[in-house]
Amino acid sequence: MVRVRTLQRLTLPRSLLHEASPAATHSHRVAAHFVDDGAGCNVYIASGVDVYCVKMDLKETGVDSGKEDMLIPVDSEVAGAWQVEQCPHRAEIQSIALTPSPSDEGFLLGSVDAFGRLVVTSLNSDIPGSSYTAGPQDPGVGEGWWAGIVFNRDQPTLAAVGRGLAKAVDLYDKDIFIRTLRTLQHPTSLTFLHGPMYDNGSMLAVTEGPQLSIWDLRQAERGGCVQRMLGAFSGESLNAVACSSEGLVAIGGAERVVLVMDPLKWTPRSRWTSCLKYEVTGLSFSAVDPGLMYVHGLDYEVVCAPWNREKTGGSNKTAFAFRGDSRWLGFDKGYDSDLFAGWSEAGTIYAGHVVDDAYLGASN
């Protein structure tokens, strides 16, 4: 049983960012992590060529429900806001990601722009060389569009950068280029696979058009692609991919369907239809209860519900849901916690923390 410990919202200071840049509809431009031993969080957002940080206090507020059982956020105040000092981008940032730093107790922030140029910044280090940049070896098609970044949790210096129009995924170890994976269609999202059946995060899942492709980074045959399957039977694009702690792979997109794949046979284990009103642009397995999944789309709604219909009697009854005040420009949930944050088109930041009943009982 999970419960929303807190759900808060605040208005982004106009002095920090007056108006957001558009980016691609499925760009990942929000990231968050705990600070002050969980008493607060830092929410990072990317707009234009810059990254900004907003600090929020995660007060123990509890949450009330309104119409249609939607959670009502509690108004909060900005505890701090600043522009992140990093190496400059020359094009609009499309995606950002956080990973624990291998050299200290802080985090590395990675950002990638529309042409696939990568910038990684150590958030709490003044050591020279703690920030670095890397770029694609080929110019691609010479035009910018969606680009995504994901870090390997088992090897934080390893990053994968997907370039949409170039039909390519570039691999870097820090600022050293390793190889390029060539996709058949335009990639739209990517993630490293983790779990008992994978070897130290050496597998990469990529959605490209309506297909899901699996890549073994240790293999050279067929360019490293070891599996390819159709994930959207109507031929519409997939926009999101996620991996659970058990190694299950979930995909979603324009069909408004979340498909959970069994990695042993790469066959569907569960199919969650009509999960949102509009197409899915992001999803993530819950770290508190792996049987739950967070889903958000082109509109302003976030839904957390069971993904396995066999265990719920054929129903995907929502665990909880809430709505922003306008379309999401970005949304993120932590890898090893249910800390989540979203940024709306109206300039509102939402942040929440979900725990289980054991946590709440221990804290009282």
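1. Is Leu171 buried or exposed? The model is a predicted one, and in it Leu171 has a relative accessibility of 2%. Buried means under 20% relative accessible area, so Leu171 counts as buried. The residue belongs to strand E15. Computed along the chain in residues, Leu171 and Phe233 are 62 apart, and their C-alpha atoms lie 30 Å from each other.

2. The pairing of E15 with E16 can be followed residue by residue. Strand E15 covers residues 168-173 and is joined to E16 by six bridges, the two running antiparallel. Within this pair, Ala168 is opposite Arg182 of E16. As background, strands of a sheet pair through backbone hydrogen bonds, either parallel or antiparallel.

3. A further antiparallel pair is made by E17 and E18. Strand E17 spans residues 187-192, and six of its six residues are buried. Five bridges connect E17 to strand E18, residues 203-208. Pro187 faces Glu208 in E18 across this pair.

4. Met56 sits in strand E4, residues 50-57, and is buried, its relative accessible area being 0%. Met56 and Phe34 are 22 residues apart along the chain, with 9.6 Å between their C-alpha atoms. Ala220, in contrast, is in the loop that links strand E19 (211-216) and strand E20 (225-230). Its relative accessibility is 61%, and exposed means over 50%, so Ala220 counts as exposed. Between the C-alpha atoms of Ala220 and Ala46 there are 35 Å, and along the chain the two are 174 residues apart.

5. How many disulfides does the structure hold? The number is zero. Cys41 is in no disulfide, and the nearest cysteine sulfur, that of Cys53, is 8.8 Å away. The cut-off for a disulfide is a pair of cysteine sulfur atoms within 2.5 Å. Cys41 is also buried, at a relative accessible area of 0%. Cys225 is likewise in no disulfide; for this residue the nearest cysteine sulfur belongs to Cys243, 17 Å away. Cys225 counts as buried too, with a relative accessibility of 7%.

6. The largest cavity has a volume of about 90 Å³. Its lining consists of 13 residues, and those closest to the centre are Ala114, Phe115, Glu143, Arg163 and Ala166. By class, the lining of the largest cavity has eight nonpolar, three polar and two charged residues.

7. The second largest cavity has a volume of about 30 Å³. Residues lining this cavity include Gly231, Ala232, Glu236, Ser237 and Leu238, and also Gly252, Gly253, Ala254, Glu255 and Val257. Four of the lining residues are nonpolar, four are polar and two are charged.

8. Which strands each supply at least two residues of the lining of the second largest pocket? They are strand E1 (2-11), strand E27 (301-306) and strand E28 (320-323). This pocket holds about 470 Å³ of space. Its lining has 21 residues, and Val2, Thr318, Ala319, Phe320 and Ala321 lie nearest the centre. The lining of the second largest pocket divides into 13 nonpolar, two polar and six charged residues.

Key
Residues numbered from 1 in each chain as written. Predicted model: local features only at pLDDT ≥ 70, side-chain atom pairs only at ≥ 80, totals over all residues. Heavy atoms only, no water. Pairing = 2+ DSSP bridges. Helix = DSSP H or I, 4+ residues; strand = E, 2+ residues; numbered from the N terminus. Buried < 20%, exposed > 50% of the residue type's maximum accessible area, 1.4 Å probe, protein only. 1 Å grid on protein atoms, 1.4 Å probe; cavity = no way out; pocket = protein on both sides within 12 Å on 5 of 7 lines; lining within 4 Å. Points joined across faces, edges and corners; volume = space filled by probe spheres on them. Nonpolar A, V, L, I, M, F, W, Y, C, P; charged D, E, K, R; others polar.
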